[in-house]
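I went through the strands, the helices and the chain contacts in turn.

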Amino acid sequence: MDGARRRFLEWSIGLLAATGLLTHRQDASAVEPPEVPPWMKSPGAGFNDYGVPAKYESKVTRTFGRSQAGTTGSGAIRTPLEALEGTITPSGLHFERSHSGVPDIDPAKHRLLIHGMVKRPLVFTVDALLRYPMVSRVHFIECAGNSQLLYQPTPPNLTVGQTHGLVSSSEWTGVPLRLLLEEVGVERGAQWILAEGADAAAMSRSIPMAKAMDDALLALFQNGERLRPENGYPVRLFLPGWEGNMSVKWLRRLKVVPAPIMTKDETSRYTDLQADGKALMFTYPMEVKSVITRPSHGMSLPGPGLYQISGLAWSGEGTIRTVEVTTDGGRSWLAAVLTEPVLPRALTRFRLPWRWDGGATVLKSRAIDDAGNVQPEREKFIAQHGNNAIFHCNAIQAWSVAASGEVKHVYA
Amino acid sequence: MSTRDLACAVIVFVTAGCAGARVETPNLGRPATPAEIAGWDISVGPDGVGLPPGGGTALKGAAVYEQKCQACHGGKGAGQPNDRLVGGHGTLASKTPVRTIGSYWPYATTVFDYVRRAMPYVQPQSLTDEEVYAVTAYLLNLNGIIGETDEMNAQTLPKVTMLNRANFIIVYPRRGP
């Protein structure tokens with residue numbers, strides 16, 4: 001084995017060990033050439049009805065915090081960003097945020113009611129929706145509370161999935177909401193739509209008519225298959241780029257109204273308390289953000305040499321234009337390579353080769369979108385917003401690299 | 001190009017879903033009856049639209065609270081094991097803000113809407129409208145916003161002024177404080 005390959009393997013194993021992904025240790029010499037590996041000497045397994053990941057990847061799982069006291073389904077579970085590459089999140093690793101568990105909905109019994117300020121209040125079956133013209137779009141969805149631990153005064157001692165894993169990306173296929181609104185006939189003066197889910201929380205949010213008529217979807221498919229139950233089966237609202245809870249899952253009702261309903265989740269919950277005691281309301285788009293996923297907290301570099309920095313950038317307000325990376329604690333910034341296609345309101349993979357000299361340093365990434373929004377340094381972000389908010393934190397994430405190779409979450 | 005060819009070209013153009021063009025749809029929605037709508041329309045706006053008949057006071061609500069809410073929200077809304085519902089006044093600009101119905105929520109109608117749709121957590125939509133009015137009144141009274149004999153109903157609830165109402169800044173459609 002040459003030196004570079006050995007270092008790569010050691011680094012990979014270091015990563016796996018650090019992130020709990022190392023599922024087994026095997027004697028590498030057992031399959032080294034010229035020996036023919038045993039799996040070539042007898043036929044392999046047969047077919048599955050539904051494929052699952054390799055058993056050796058069984059530790060690549062989501063991180064669950066805790067459900068609210070006395071409940072099992074009120075909380076969130078996070079995507080292991082450190083273990084993934086590319087830009088599409090496997091549906092089984094998509095983050096989840098539910099307010100009262102995942103309902104078990106028979107699609108044959110589910111109905112969508114559209115009423116309120118409309119000429120013709122209508123009821124749709126799921127089978128009916130499946131006959132409408134559809135579009136497919138790749139978009140991220142991000143919980144408003146993603147990265148909220150960066151509000152705390154000390155750096156969280158957690159992996160990137162645990163701090164930033166409330167963002168995921170899929171190809172969503174569904175019916176443009178505009179088509180159904182045209183069918184019911186929206187009356188003049190109707191500026192908002194109350195969207196309500198069929199879960200036990202009857203989760204509800206008021207949606208501006210402008211967004212509903214622009215790019216809102218009634219999503220039926222995720223990554224080619226029907227929605228997963230935890231992502232809104234059989235039909236969810238999908239609002240590209242906006243805070244995740246507004247993309248109401250298990251959608252059962254749309255009421256066209258003249259003004260916001262001021263539901264619990266748009267007044268007491270998803271509002272942003274500032275240091276002066278005022279609170280921002282209706283902070284819909286998720287701001288421009290990026291994070292380095294590899295190397296990241298909990299990993300260990302085995303020694304000096306060439307590494308590939310890899311990370312994700314996204315903006316709910318447009319398309320990622322540039323991601324800059326610093327490998328010297330902010331003294332200099334280099335433009336990373338963006339992996340095509342770079343799509344609006346979608347996760348964008350950036351990569352940059354980096355030759356580590358073995359010294360202690362700090363890595364950071366900074367995203368800029370095509371609307372000119374620049375991801376802020378954490379110090380500046382906290383100075384502006386304070387520590388009391390819970391949502392919409394898009395501060396720059398810093399990872400320190402020690403001379404030992406250990407990578408840690410730091411504020412720098 | 002003949003007129004017929006031109007007509008075909010136009011149809012192709014429209015059904016291709018070009019921006020701004022009307023896409024042809026199968027029109028499969030069936031009319032919803034008033035009774036169907038009434039059974040599902042549980043949202044209540046800050047103007048009180050959607051509030052049902054009936055009413056309740058804090059005095060009546062105390063009993064509902066103790067039976068249906070206290071196990072999760074503590075005696076008199078003090079919290080534990082779940083969210084605190086009472087107090088926290090004057091803490092929002094401090095280093096340890098306490099967000100409760102009293103200290104934070106901007107609209108009283110939201111209490112009715114949320115309790116009716118989602119509470120009690122293990123039995124949502126099980127309370128009668130009278131019980132929801134009463135427990136709403138109880139929570140407002142515990143927060144010092146209304147008196148214990150003030151009846152909350154479709155007329156009075158939207159008129160309640162919440163203490164933190166003026167401290168919300170609506171940023172849509174423009175972002176920024």
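This is a predicted model: local features need pLDDT of at least 70, side-chain atom pairs count only at pLDDT 80 or more; totals for chains, interfaces and linings use all residues.

**Entry 1: the mixed sheet**

I began with E4(A) and E13(A), which are joined by 4 bridges and run parallel. That count meets the cut-off of at least two bridges. I looked up two positions along this pairing. A:Ile114 stands opposite A:Leu254 in E13(A), and A:Gly116 stands opposite A:Val256 in E13(A).

Next I checked E13(A) against E8(A). These two strands pair in the antiparallel sense, over 6 bridges. Here A:Gly197 has A:Leu251 of E13(A) as its bridge partner.

What is the order of the strands in the open sheet that holds these pairs? I read it as E9(A)-E8(A)-E13(A)-E4(A)-E5(A)-E1(B), 6 strands with mixed pairing. The edges are E9 of chain A and strand E1 (30-31) of chain B; each has a single partner strand, so one side of each is left without a neighbour in the sheet.

I then asked how many residues of E13(A) are buried. The count is 6 of the 7, so E13(A) is largely enclosed by the rest of the structure.

**Entry 2: the contact between the chains**

I looked up the contact of chain A with chain B. On the chain A side 50 residues take part, and they are in contact with 44 residues of chain B. The elements of chain A that give two or more residues to this side include strand E4 (111-116), strand E5 (122-125), strand E8 (192-197), strand E9 (204-208) and strand E13 (251-257). Also among them are helix H4 (177-184), helix H6 (264-269) and strand E15 (279-281) of chain A. Sorted by class, the chain A side has 27 nonpolar, 14 polar and 9 charged residues.

I followed E15(A) across to chain B. It is joined by 3 bridges to strand E4 (residues 168-170) of chain B, and the two run parallel. A:Ala279 stands opposite B:Phe168 in E4(B).

**Entry 3: a three-stranded sheet in chain A**

I found an open sheet of 3 strands in chain A, in the order E1-E2-E3, with antiparallel pairing. Strand E1 (63-64) and strand E3 (96-98) are its edge strands, and each pairs on one side only. Strand E2 (residues 75-78) of chain A pairs with E3(A) over 3 bridges, in the antiparallel sense. In this pairing A:Ala76 stands opposite A:Arg97.

**Entry 4: A:Asp49**

I located A:Asp49 in the loop between helix H1 (3-18) and E1 of chain A. Is A:Asp49 buried or exposed? It has 4 other C-beta atoms within 10 Å, so I logged it as exposed, since the exposed class takes 12 or fewer. I also took the separation of its C-alpha atom from that of A:Tyr132, which is 83 residues apart along the chain, and got 29 Å.

**Entry 5: chain B and its helix H6**

I listed 6 helices and 4 strands in chain B. Their order from the N terminus on is α-β-α-β-α-α-α-α-β-β. Of the 177 residues of chain B, 36% count as buried.

H6(B) has 14 residues and reaches 20 Å from its first C-alpha to its last, close to the 20 Å expected at 1.5 Å a residue. I counted 12 of its 14 residues as buried; B:Tyr133, B:Leu139 and B:Leu142 are among them. I asked what covers them, and the cover includes strand E2 (55-56), H3, helix H5 (109-118) and strand E3 (152-153) of chain B. H6(B) is followed by B:Gly144, whose phi is positive, near 75 degrees.

I looked at one covering helix separately. The axes of helix H3 (residues 58-68) and helix H6 (residues 129-142) of chain B come within 7 Å and cross at roughly 100 degrees. I therefore logged H3(B) as roughly perpendicular to H6(B). Residues that meet here include B:Ala58, B:Val64 and B:Tyr65 in H3(B), and B:Ala134, B:Tyr138 and B:Asn141 in H6(B). By class, this contact has 8 nonpolar, 2 polar and 2 charged residues.

Notes:
Residues are numbered from 1 along each chain as its sequence is written. Chains are lettered from A and ligands numbered from 1 in the order in which they are written. Two residues are in contact if their C-beta atoms, placed from the backbone, lie within 7 Å. Ala, Val, Leu, Ile, Met, Phe, Trp, Tyr, Cys and Pro count as nonpolar, Asp, Glu, Lys and Arg as charged, and the others, Gly among them, as polar. Axes are lines fitted to C-alpha atoms, for helices over the stretch in contact, and angles run from 0 to 180 degrees between N-to-C directions. Angles under 35 degrees count as roughly parallel, over 145 as roughly antiparallel, 65 to 115 as roughly perpendicular and the rest as oblique. The expected span of a helix is 1.5 Å times one less than its number of residues. A residue is buried if 20 or more other C-beta atoms lie within 10 Å of its own, exposed if 12 or fewer, and partly exposed in between; C-beta atoms are placed from the backbone.
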